[in-house]
Amino acid sequence: MINCALGMSKPFDIELERLTDPAAYSEGRSTATGQRGTFFLETFGCQMNDHDSEKVAGLLLSRGYQQVETPEAASMILYNTCSIREKAAQKVFSRLGEFREKQSEGKVIGVLGCVAQQEGEDIFKRAPWVSLVCGSASYSKLPEMLAQLEAGNSRVTGLDTDTDDTFETPVTRRDNPWRAYLTIIEGCDKACSYCVVPFTRGPERSRASDSILKEVRQLAELGYSEVQLLGQTVNSYADPTSRRMRFSELLLAVAEVEGIRRVRFTTSHPSEFTPDIVEAIEREPKVCDHVHLPVQSGSSRVLRAMQRTYSREEYLEKIAMIRGAKRPIGITTDIIVGFPGETEAEFEETLSLLDEVQYDSMFSFKYSPRPNTPSLSMSDSISEEEKGRRLAALQDKQREIQALKHARMVGERFEVLVSGKSRRENQWTGYTTSHRMINFTSQERELLGTYVQVKVTGATPNGSVGEHVE
Ligand code: 5AD
Ligand code: SF4
C-alpha cells in the first residue's frame, strides 16, 4: 500500500521532445501535437496514482493532445482518483460538482482510478456530465476508449479488473526531473479487511524484468539518477519471464545500470520481507537504506482482524532483521487507529510498538469504513472523537521519537540529492539515501538535481537543517 506524496510540476519526459516536434512523431491517426484538443489532468492519492497519471499524460500526448494547466483551458478534464479513505473519495465528487456547467461548454469529463473502479457506472447517475469512467486495471485499453470518445461516443467505460495486463506506454510524461517512478507490480493479492485496493486495482500483475530494466536504461540516458520502484506490495514482485528474477535481484540489477545512483522501493509488505532484501541493501550502496514497512497496528488481535497475515512478534522479528544489517537502514510505517473493536489496551500496544521500533517517520490514519471491504460490516465501531484522540496521542509520541532522532543527527554529514530551492536566498532542500529531508544553506547558484554533502547543524520539530560542505 502506497502513501500520498506531493509531486513536482516540471516535466521531464521519455520521448517528450519527439512529441513537441510535430513532424517527428506520428502514431495511428495522430500526427501532430495539439490536433486533438487539450487535456487537464488532476491527480489525487498515492505515488502509484501520480505515476499512472504520468503514463496517461504520455498516452494522450502521443495521440496528439496537448496538456494545459487549468480546466478552463482544456477540452478534456480528467481526474485520477483515490478512494482509500472516505474523505479522498468525497473530494472527487465535490470536484465533479464544480464542473456541472462545463459539460454544456462541450468539455469531455473523465474519472480514472480507484473511485472510477469503485463506483463504476453509478458515476454517470451521480454526475451525468461525465463521459469516461476507467479503473486503473483498464488503462491499457485507454487508447480504444479515447478512440470511442473521439468518434463521438458520449459514455465510455473500462471497469474490468480480471486482467493480466500491466499498463505500459511508449511515452511517459514524468513530473519529477530527477526521481523517476516505475511501477513494477500492479494490483494486490492481499486481503486486508479495511482496504479497497484489491477491489479497485485488481489482482497482482508483475511487469517483465527485461522491460523494467530497459526502461531504467532509458531513464539513465535521459539523466535520471534515482528510480523508485513502485507497487502496493512491491516485494511480492514475481518476474513473469523465464529469468524469474527475485525482487532482491531486480534491485541489484537496477542499481547496476550505468548512471543510476539511487534505487528506492515502496511499499513493502512485512510478510514477504525476506533476508535477501536486507542483503541487497547491505551489498549495494546504491540500493537505498530505507524500508517503508507498514505495521497498521501493534496488537496481534487487531492485526488478525485486519487480516494482515503477521503478528506483532513476527513483525518485530522483521524489524530485528533490518536493524541487524551491516549499515543502518531507516524504517518508516503506516498506522491505522480506531479499527472496529480496537480497545484502549490494544491501542496502547500500538504506542508501545512505536517505542520499541523507533520509526524514522510514520503516516497515520483514522480508520475509515470503505465499500466492498470485509471490515465494513464489523461491529464495535469507534467514535470519530475517540479516533481523533488516539491519532493525536500516536502522533505526539512519534513527534517525540523523531525530535530525538533529529537531535542525534546534528554534527553528522550526509549526501543529499538536491530537489528543491526555497524562495529564500541560498536555501535548498535535499533527501538523504534513507529519505530524510534536510533544509540547508549553500552559496552555490545552481544545485538542483545534483548530489552534495551536507553537514547537519540543527534540528527542527519536522526535520533537520544544515549547510553545504565540501
Ligand atoms: N482507513 C484508514 N486508513 C486506511 N489505509 C488503507 N485503508 C484504510 C482505511 N480504510 C491506510 C493504511 C495504508 C495507507 C496507505 O492507508 O495505513 O497502509
Ligand atoms: Fe496494502 Fe493490504 Fe491494501 Fe494490499 S490490501 S494494498 S497489502 S493495505
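Reply: The model is predicted. Let us start with one residue: Gln358 is partly exposed, with a relative accessible area of 25%. Gln358 belongs to the loop between α13 and β14 (361-366).

Me: What is the phi of Gln358?

Reply: Most residues other than glycine have a negative phi, and most peptide bonds are trans. Gln358 is not a glycine, yet its phi is positive, at about 60°.

Me: Is Arg244 buried or exposed?

Reply: Arg244 has a relative accessible area of 55%, and is therefore exposed, since the cut-off for that class is over 50%.

Me: Where is there a cis peptide bond?

Reply: The bond between Thr266 and Thr267 is cis, with omega at about 0°. Thr267 is placed in the loop between β11 (262-266) and α10.

Me: Let us turn to helix packing. At what angle do α9 and α10 pack, and how far apart are their axes?

Reply: Two packed helices are described by the angle between their axes and the distance between the axes. For α9 (residues 247-256) and α10 (residues 275-283), the angle is about 20° and the axes are 8 Å apart. The two helices are therefore roughly parallel to each other, because angles under 35 degrees count as such. Their crossing is right-handed.

Me: Which residues of α9 and α10 meet?

Reply: From α9 come Phe247, Ser248, Leu251 and Leu252, and these meet Asp276, Ile277, Ala280 and Arg283 of α10. By class, the contact of α9 with α10 has five nonpolar, one polar and two charged residues.

Me: How should I read the packing of α12 and α13?

Reply: Helix α12 (residues 312-323) and helix α13 (residues 344-357) pack at about 15°, and their axes are 11 Å apart. They are therefore roughly parallel to each other. The crossing of α12 past α13 is right-handed. On the α12 side the contact is made by Arg312, Tyr315, Leu316, Ile319 and Arg323, and on the α13 side by Glu349, Ser352, Leu353, Glu356 and Val357. These residues of α12 and α13 divide into five nonpolar, one polar and four charged.

Me: What does Thr433 contact beyond its neighbours in sequence?

Reply: Thr433 sits in the loop between β16 (427-431) and β17 (437-441). Leaving aside neighbours within four places in sequence, Thr433 is in contact with Arg262, Arg264, Cys288, Asp289, His290 and Glu415. Thr433 and Val287 are 146 residues apart in sequence, while their C-alpha atoms are 8.5 Å apart in space.

Me: What proportion of contacts in the protein chain join residues at least 24 apart?

Reply: Among contacts between residues at least 6 apart in sequence, the proportion is 74%.

Me: Finally, how many helices and strands does the protein chain have, and what is its radius of gyration?

Reply: The chain has 14 helices and 19 strands. Its radius of gyration is 23 Å, close to the 23 Å that the globule rule gives for 470 residues, so the chain is as compact as a globular protein of that length. Its C-alpha atoms fill a box of roughly 60 × 60 × 50 Å along the principal axes. Of the 470 residues, 57% are buried.

Conventions:
Residues numbered from 1 in each chain as written. Chains lettered and ligands numbered in written order. Predicted model: local features only at pLDDT ≥ 70, side-chain atom pairs only at ≥ 80, totals over all residues. Heavy atoms only, no water. Axes fitted to C-alpha atoms, helices over the stretch in contact; angles between N-to-C directions. Helix = DSSP H or I, 4+ residues; strand = E, 2+ residues; numbered from the N terminus. Parallel < 35°, antiparallel > 145°, perpendicular 65-115°, else oblique. Left-handed = near helix turned anticlockwise from the far one by under 90°. Contact = heavy atoms within 4.5 Å. Nonpolar A, V, L, I, M, F, W, Y, C, P; charged D, E, K, R; others polar. Rg over C-alpha atoms; globule rule 2.2 N^0.38 Å. Buried < 20%, exposed > 50% of the residue type's maximum accessible area, 1.4 Å probe, protein only.
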